[in-house]
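Good morning, and thank you for making time for this item. Please look at the sequence and the model as they come up, and I shall then take you through them.

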Amino acid sequence: MPFPLAVRVLNSGFGPARSLKIDSAQPKIVDNAQGLLVDFRLLGASVNDSPVSPSLTVNIGTLDSKKIATGYWEMLSTLSGKFVEFNATFSHA
């Protein structure tokens, strides 16, 4: 069953964040007692509810001061589980 993974970013600065992008980390397996192979597949991505090219990097573009943007990924996994940690990086010009 597909599952969502989303991140919200707030520009708390006093100027626009230009060329803002968020790089999501690959899912990390921390316990697999059965030793089964796990496959993750990226089905889609969006920025502020608008579909973008499926990638673990989502380009927000320009985010004005005090504004919020949302990056969203839809994924599929061959085994169920839960996220215990999530790291992402961002950059802007």
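Predicted model: local features only at pLDDT ≥ 70, side-chain atom pairs only at ≥ 80, totals over all residues.

Confidence in the chain is lowest in strand S7, residues 88-91, where the mean is 74. Strand S4 has the highest confidence, at 92. Over the chain, the mean pLDDT is 83, and 84% of the residues reach 70 or more.

Let me turn to the sheet. How many strands does the open sheet have, and what is their order? There are 4 strands, in the order S1-S6-S3-S4, and their pairing is antiparallel. S1, residues 3-10, and S4 are the edge strands, each of them pairing on one side only. On average, neighbouring strands of this sheet are turned by 30° against each other, direction ignored.

Opposite Pro 4 stands Glu 74, a residue of S6.

S6, residues 68-77, is also paired with S3, residues 40-47, in the antiparallel sense over 7 bridges. Here Val 47 has Gly 71 in S6 as its bridge partner.

S3 pairs in turn with S4, residues 50-52, again in the antiparallel sense, and this pairing runs over 3 bridges. Within it, the bridge partner of Ala 45 is Val 52 in S4.

Finally, the hairpin. Which residue in the hairpin of S3 and S4 takes a positive phi? That residue is Asn 48, with a phi near 50°, in a hairpin that has 2 residues between the strands.

How values were computed: Residues numbered from 1 in each chain as written. Heavy atoms only, no water. Pairing = 2+ DSSP bridges. pLDDT = per-residue confidence, 0-100. Axes fitted to C-alpha atoms, helices over the stretch in contact; angles between N-to-C directions.
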